[in-house]
Amino acid sequence: MLEQYDLHNLMVLDIETVPQYRNHDEAPENIQKLWDHKTLYTRKDETAEDFYGRAGIWAEFGKIICISVGIFTRGKGTGLRIKSFYAHDEKELLIKFCDLLNSQPASLIMCAHNGKEFDFPYLCRRILINSIKIPTQLDISGKKPWEVNHLDTMELWKFGDYKNYTSLNLLTTIFNIPTPKDDIDGSMVGQVYWVNKDLERIATYCQKDVVATAQLLRRYRGEELISEENITIAGE
């Protein structure tokens, strides 16, 4: 499957997000009230204060702290070149990311795991909130479905089944895609950011998901995995 796509005109991405404030008490009073109302039914028996740790999931209450992207490269064997944008200043990293996209062809295909429900809309919302123009590759307004160059490795796995969420971790396991042992997982990103202030550690975690998504795409196409020596990390 997916043989019709040119991997060299495709960008794999992953984002990491956190709550905009360290905790519920540090958020402005109006934001607290809006958060309490927004999550009233979602949090069930949890208090709004305890549930605030998940605020990073909502673009209205969270912010992006890292975007990692990967492009396929040519050579003796297919390679993958990864670059990460990370900063405490969300607008700064979004401008750099958008500058990168604006330097690419409008036909560039964007790929992420669960990207259509999370990464792509989250990016667009935070880009708008920061008063930045949405790059052509992300802007789907007015486009017909077949004109949107977005691939979602989770959606592809559904094959029309709308019921189930399948994690990237599960898919890499069943497709025998080697992944390094992570010292953190997605649930720990907020703590690593707000407590440890360790953006580089988060970027490393984000890059691993880009590699995993790219390898999964190769498996979908019935192709060999990219060898470790052909995966490179570019400096910011």
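**Isoleucine 231**

I started with isoleucine 231, which I found in strand 6 (residues 231-233). For the record, helices (H or I, at least four residues) and strands (E, at least two) are DSSP runs, numbered from the N terminus. I'm working with a predicted model, where local features need pLDDT of at least 70, side-chain atom pairs count only at pLDDT 80 or more, and totals for chains, interfaces and linings use all residues. Residues are numbered from 1 along each chain as its sequence is written, and side-chain values use heavy atoms, with hydrogens and water left out.

(Buried means under 20% relative accessible area, exposed over 50%, partly exposed in between, with a 1.4 Å probe and protein chains only.) Leaving out residues up to four places away in sequence, I listed what isoleucine 231 touches: Leu80, Ile82, Val211, Gln215 and Ile226. Contact here means heavy atoms within 4.5 Å. I also checked isoleucine 231 against isoleucine 132, 99 residues apart along the chain, and their C-alpha atoms are separated by 31 Å.

**Helix 3 and helix 4**

Next I looked at a helix pair. Two packed helices are described by the angle between their axes and the distance between the axes. For helix 3 (residues 90-102) and helix 4 (residues 115-129), I got an angle of about 115° and axes 10 Å apart. That makes helix 3 roughly perpendicular to helix 4. Axes are lines fitted to C-alpha atoms, for helices over the stretch in contact, and angles run from 0 to 180 degrees between N-to-C directions. Under 35 degrees counts as roughly parallel, over 145 as roughly antiparallel, 65 to 115 as roughly perpendicular and the rest as oblique.

Which residues make the contact? Helix 3 brings Glu90, Leu94, Phe97 and Cys98, and helix 4 brings Leu123, Arg126 and Ile127.

**Salt bridges**

I searched the whole structure and got 8 salt bridges. A salt bridge is a side-chain nitrogen of Lys or Arg within 4 Å of a carboxyl oxygen of Asp or Glu.

Lysine 96 pairs with glutamate 92, with the closest N and O atoms 3.7 Å apart. The two are 4 residues apart in helix 3, which means about one helical turn separates them. I noted lysine 96 as partly exposed at 36%, and glutamate 92 as partly exposed at 37%.

Glutamate 155 pairs with lysine 116, and here the closest N and O atoms are 2.8 Å apart. Glutamate 155 lies in helix 5 (residues 153-158) and lysine 116 in helix 4, so the pair ties together parts that are 39 residues apart in sequence.

Arginine 218 meets glutamate 223 at 3.0 Å, N to O. Arginine 218 is buried, at 10%, whereas glutamate 223 is partly exposed, at 24%. I wrote down a network too: Arg218, Arg221 and Glu223 are linked by salt bridges.

**Two positive phi values**

Last, I checked backbone angles. Asparagine 114 isn't a glycine, yet its phi is positive, near 65°. I found asparagine 114 in the loop between strand 4 (109-112) and helix 4, and it is buried, with a relative accessible area of 14%. Phenylalanine 159 isn't a glycine either, and its phi is positive, about 50°. Phenylalanine 159 sits in the loop between helix 5 and helix 6 (168-174), and it is exposed, with a relative accessible area of 60%.
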